[in-house]
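Here is a short report on how the parts of one structure pack together. Please look over the sequence and the 3D view first.

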Amino acid sequence: MNELVLALGWLGIYAPMALGTVASAIGCSIAGQASIGAMTEVDSGYGRFVGISAFPSTFVIYGIVIMFTLNREVTPENAGGLFGIGILAGIALLYCGISQGRACASAINAAKEKPEIFGLALAPAAIIEGFGVFAFVFALVISAGIS
Amino acid sequence: MSTQDSYTALMCSLPRSERLFVDRLPPLSRLRLNKRLRALSPEDAKVLHILEHVLSWQEYDIEITEAQAVDRAKQALPLIPHSTLRRLFMDRMELRSAVAALRLRHRGEPAPIAPFGFGRWTRHIPAHWSEPTFGLDAPLPWLKQARHLLEQNDPLGLERHLLDTSHRQLKRYGARHHFDFEAVAIYVLTWNIFDRWAHSNAEAAAERFEVLSQQAMAAFGDINLEGTHP
């Protein structure tokens, strides 16, 4: 039983990193495809599209920081806490990354036709980033209570 | 990646469908659209072909009978796996059935005995043949205006009204789809509407030119073809 609990603890430590990577990979892929499509339609502003498509890459950084914060000796006493925080923070980052990729793709699609709405079109992606930051910060705060 | 995002690059490489109706020059030719559609998977390309084969008027011979058109739609429906596209398909075929019924009645034909057309109203329409809009005011609110235009002998106005109704249907279904196959199919069907719209504009322009040229020729009736005055 103890082995399983310890394994879950290790899973919790690495989950934010792994799920953050998946989030960034999928998010950047969706937004990147949108920017490639938009580049075939417009004659300028390619750099902006590529820049937006890199937005979801922040989630892997949040995941790495959470992983280092949770990283400690895993014991049967702290394994449950590590698992809970790590898995839930990772899932939150995963959803935020994929959703931000979609929001960026929509922003690129809209901005290719109306460059004047470029800034406003990024607002949904920025709001989603805010949710990801909440998950990140409170994972750090609450992990301080684990022995 | 989910099918929800499978055609992100393709959709972003197309001009917004609203632009099709406002730009003076078409922002996308059929040739260019077909080039972009090469990104579709073979299965999706097949479904799109089936949809266009039934819903695009260019795919119909002028001598096709109502029974043949209904058969074509019945054969196509089971081959469309996407629920949104199936509902859209049904809506469009019901629109066509109702308009065909209006036209038949306008020509003075009696109520059909057999079920008429395709969709939910095949028995309802013959049963309510004498009512102005076949008792379908609530489910098909556009039918009233269509009947009005038909009775006023305004074929161009009717064509535009039907294209506008079809376009609004497509927009309604497209609101839930952004980068998936349904979004691509709805875009192509919107392009087809734009194409018919552009043709109806060209036909209207040709008619107008004919009338104006006849008026101009009447005003200068004494000019002969050689350009010399008698």
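This is a predicted model: local features need pLDDT of at least 70, side-chain atom pairs count only at pLDDT 80 or more; totals for chains, interfaces and linings use all residues.

## Nonpolar cores

The largest nonpolar core has 75 residues. Chain A residues with the most contacts inside it include Ala31(A), Ala34(A), Leu93(A), Cys104(A) and Ile108(A). Leu51(B) and Val184(B) are also on that list. Helix 4 of chain A (residues 79-113) gives this core its largest share, 16 residues. A second core is separate and holds 13 residues. Phe116(B), Trp121(B), Leu136(B) and Leu143(B) are among them.

## Where the chains meet

Chain A puts 17 residues in contact with 13 residues of chain B. On the chain A side, helix 1 (2-41) and helix 4 each supply at least two residues. Helix 1 of chain A provides the largest share, 10 residues. By class, the chain A side has 7 nonpolar, 6 polar and 4 charged residues.

## A helix pair in chain B

Helix 4 (residues 42-55) and helix 5 (residues 66-76) of chain B have axes that come within 10 Å. They cross at roughly 160°. Angles over 145 degrees count as roughly antiparallel, so helix 4 of chain B is roughly antiparallel to helix 5 of chain B. The crossing of these two helices is left-handed.

Helix 4 of chain B brings Ile50(B), His53(B) and Val54(B) to the contact. Helix 5 of chain B brings Arg72(B), Ala73(B) and Ala76(B). The contact comprises 4 nonpolar, 1 polar and 1 charged residues.

Technical notes:
Residues are numbered from 1 along each chain as its sequence is written. Chains are lettered from A and ligands numbered from 1 in the order in which they are written. A nonpolar core is a set of buried Ala, Val, Leu, Ile, Met, Phe, Trp, Tyr and Cys residues joined through C-beta atoms within 7 Å. A residue is buried if 20 or more other C-beta atoms lie within 10 Å of its own, exposed if 12 or fewer, and partly exposed in between; C-beta atoms are placed from the backbone. Helices (H or I, at least four residues) and strands (E, at least two) are DSSP runs, numbered from the N terminus. Two residues are in contact if their C-beta atoms, placed from the backbone, lie within 7 Å. Ala, Val, Leu, Ile, Met, Phe, Trp, Tyr, Cys and Pro count as nonpolar, Asp, Glu, Lys and Arg as charged, and the others, Gly among them, as polar. Axes are lines fitted to C-alpha atoms, for helices over the stretch in contact, and angles run from 0 to 180 degrees between N-to-C directions. Angles under 35 degrees count as roughly parallel, over 145 as roughly antiparallel, 65 to 115 as roughly perpendicular and the rest as oblique. A crossing is left-handed if the near helix is turned anticlockwise from the far one by less than a right angle, and right-handed if clockwise.
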